Each structure stands twice: as structure tokens, then as C-alpha cells.
Amino acid sequence: MSLHDLISYNNHRLKLWYRKGFMMLATVNIFFMNICIIFLVSTFTFYLLRDRLPIQPGSKMSTRLYFGLSNGMTGILLMHNAINLNGALIDLRLLPLALSALFGGNISIAVTGLMLLIYRFVIDSGDSLDALFSSVITLLGFLVLSFICRRFIKRQGYFFSAIVTVGSLLVLSRLIMSNSPADAWGTIYIPYFILTIGGAFLFYRLSSLLQQHFVLYSYQSYLASTDQLTRLANRHVILEKVTTLEKSKDSWGVILFDLDHFKNVNDTHGHAVGDAVLRHFSIILNEHCPAPVTVGRYGGEEFIVIVPDIELHPPVVLAETIVTAVQQTPFVMQDHAVSITVSAGIAYAHQQPAETVFKQADCALYEAKAQGRNQYRLYRSE
């Protein structure tokens, strides 16, 4: 071989290596673009469903439908950003299907799979009926696979691994039966399997961490807005509600409740019993205050009820009902009952500041206390 031929041969090999390296970088780039798509859509989904987490096969039907729709959208985006492996276009649509199986069960899988079929055979109408039939059979096989795995595999990590592994083998079997080049094992099949398993690992970790994050977020939000003893709204939530009502310029009402002789309950029976009495009264409040009435603990043994629609839920009627219910529902301890009563003060807001309305309700409450307790009074201006 002459020097010129040797140089030409080496240049040719360098071009081949450069082309392969460029194609490998392009593949890795598209792969991580797919992971970013998965992460973005999953984050948005878990944020919107944060009040319904954790998502599981026993969740509400609407939750599983929304989750299936979200994963269907993820699958469509993954199909649109397919990875080119030596002329063969492959995608990671298996991963959102597996996620639907993991968290949403068969309903989510059916919704996700239906969206993927519609995208492929309605938008891309060039596929044959045989390809449509093959895809439907694959989806049905995936549903059966999910049902069998869920029946015998209880741990989420093992379940997801089994779903992805067997699902990848199903897809590979379709690829093998199609017209493929002679070196397809090294250039298509094995790279597809590696990309799918690697993407599945990242997908599982991301989705699990995202769901845990938003569950914790929802719990912390609940703690920040709830009185820990009574599980009613705290003062922060009450003030936010009142601020909204002030801006609306509508008439609204306030009822202040105060448990009568509550100090005697603490002194006689102890603070543990006193706390139980507060929880007992909070249950009565919740039972008799329908939405959109807001019930909260104002401090100590004082409770507050904000009534946004005073015509639909007249505060006077609410106060009378609750005062009577407390009197007729004694707090039962281990071997005897403790009779408790409550006094209430009512005030209406007609364009005046919330601070003024609260003072008026407090004055009405003081009047109810002064006139013998176990009753309500409506503030009336002089």
C-alpha cells in the first residue's frame, strides 16, 4: 500500500469515527431532551394534582383520568422527538405507559395508550391496518402485563422494573419481526434496550421524588393554614378570607364564639380534657357550618365563623343552631359527661373595615356573656 493510499485510508477512517461520534452525541442529546420533556410534564402534572397526591390505583376516577391524559401528552411529545438509531426511529413512549401502570392502574394506562394510538394513526394516517392491529395488540398485552405484575409484585420499584423490562422485550420483538438491517442487534436493538432501561431508571427516580416533594409541600401548606389542635383554619387563613371579602364589596357576617367557663374545665379536669373539649366544639362547628362558610380558631377558647353569603346562610340562624347544639351535646369523658355551653356575638359588614366588624362582634359577644351566657347577641349600632 502506497503512502497516498494509507493517508486516504486513515482519512476515511477518521471521517467514519467522526460521523459515528457525531451521531452518538446527537443520540445522547435527543435522549436527554426526552428526559427533560418527561421531567417538565411530570412536574406540571404533580403540581396541578398536588391536593390529590399520592396517586394510586385506588385514587378517584378523575385523578386517574387526568394522570393518564398527562402521560399520554408526555408519550406524544416523546414520539414527536424520536431517537434516530442508524436510520431506525425509536421513542420512549413505553415510559409514560409504565408510569400510568405504576401510579394510576389500568384506567390511566388505557387513557395513555388510547392517546398514543390516536396520535399515531389519525395524525400519521399513512400506517397500514396491520400496523394499527399490531399496536392495539401490544397495548392490550401491556394492560394484561400490568394486571399480572400488580397481582404478584407489591413493591413499586420491582413492579416498575418488571413492566419496563417486559414491555421493552415486547417492543423489541416487534422490531425484530420488521425489516431490519443485518447488524441491527448492535446498532438498534441493544442501544434501544439500554436507552429504555436508562431512561426508565431516571424516570422512576424523578417521578418518585416529584410526588414525594409535592406530598410534603401539600402537608406543609396544610400545617401552615391549620390550627393543630382543632384542625380548623388558623388566624392567617381567616384574615386572608376577610381580605378577599373586603375587596369584593359584598356584605358578609362574622360570628365570634366563646366557650363559657372554660377556665373551670381546665382547673377541674386538667388541660388534656380542656383540649378535648375544644376539639369537641370544633366538630360541632364543622357539622353545622356548610361551605362556603369559613370556620376557624381565633385564639384560646374563642372561635370565629366568616359567612360570605348572609342571605343564603343567615348568621343569626347559624349562631342559634350552634348554641343549641352545644347545649344539647355534652362532652363525654370516661365515665361521665361534662356539660358545656357557648356564647356568640354577631356583626354584619356593610363596607366598613374588617377590624371594625371584629370589634362589633366582640362587643356583641361581651353582651351575651354579661346577660347570662349560653346565648347569642347581634351587634346593633346606637
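Strand β3 (252–259) is mostly covered, with eight of its eight residues buried, where buried means under 20% relative accessible area, exposed over 50% and partly exposed in between, for a 1.4 Å probe and protein chains only. The model is a predicted one, in which local features need pLDDT of at least 70 and side-chain atom pairs count only at pLDDT 80 or more, while totals for chains, interfaces and linings use all residues. Residues are numbered from 1 along each chain as its sequence is written, and side-chain values use heavy atoms, with hydrogens and water left out. Strands (E, at least two residues) and helices (H or I, at least four) are DSSP runs, numbered from the N terminus.

The side chains of β3 can be sorted by direction. In a regular strand, side chains alternate between the two faces of the sheet. From β3, W252, V254, L256 and D258 point one way, G253, I255, F257 and L259 point the other way, and all are buried. On one side, β3 is joined to β8 by eight bridges, and these strands run antiparallel; strands pair if DSSP finds at least two bridges between them. The bridge partner of W252 in β8 is A349. Six bridges join β3 to β5, again in an antiparallel arrangement, and here V254 stands opposite I306.

These pairings belong to an open sheet of five strands in the order β4-β5-β3-β8-β9, with mixed pairing. At the edges stand β4 (294–299) and β9 (376–378), each with a single partner strand, so one side of each lacks a neighbour in the sheet. From one strand to the next the twist averages 20 degrees; axes are lines fitted to C-alpha atoms, for helices over the stretch in contact, and angles run from 0 to 180 degrees between N-to-C directions. A parallel pairing is found between β8 (residues 342–349) and β9, which are joined by three bridges. Within this pair, I346 stands opposite L378 of β9.

Helices pack on this sheet as well. Helix α11 (residues 354–370) touches β3, β4, β5, β8 and β9, and its direction makes about 145 degrees with that of β8; contact means heavy atoms within 4.5 Å. Helix α7 (residues 235–248) lies across β3, β4 and β5 (302–307), running at about 125 degrees to β4.

Turning to helix–helix packing, α8 (residues 262–269) and α9 (residues 271–288) meet at an angle of about 140 degrees, with their axes 7 Å apart. That angle makes α8 oblique to α9, given that angles under 35 degrees count as roughly parallel, over 145 as roughly antiparallel, 65 to 115 as roughly perpendicular and the rest as oblique. Helix α8 contributes F262, V265, N266 and H269 to the contact, and α9 contributes H271, V273, G274, V277 and L278. By class, five of the contact residues are nonpolar, four are polar and none is charged; Ala, Val, Leu, Ile, Met, Phe, Trp, Tyr, Cys and Pro count as nonpolar, Asp, Glu, Lys and Arg as charged, and the others, Gly among them, as polar.

Helix α9 also holds I284, which is buried, with a relative accessible area of 4%. Leaving aside neighbours within four places in sequence, I284 is in contact with A325, V326 and T329. The C-alpha atoms of I284 and V326 are separated by 7.2 Å, although these residues are 42 apart along the chain.

Across the whole structure, a search finds nine aromatic pairs; rings of Phe, Tyr and Trp (its six-membered ring) pair if their centres lie within 6.5 Å, with planes under 30 degrees apart counted as stacked, over 60 as edge-to-face and the rest as tilted. One of these pairs is F46 with F67, whose ring centres are 6.1 Å apart and whose planes lie at 40 degrees, so the pair is tilted. The pair links distant parts of the chain, with F46 in helix α1 (residues 3–48) and F67 in helix α2 (residues 61–80), 21 residues apart. Both F46 and F67 are buried. The rings of Y298 and F358 have centres 5.9 Å apart and planes at 85 degrees, so this pair is edge-to-face. Because Y298 lies in strand β4 and F358 in helix α11, the pair ties together parts that are 60 residues apart in sequence. Y298 counts as buried at 18% relative accessibility, and F358 is buried at 12%.
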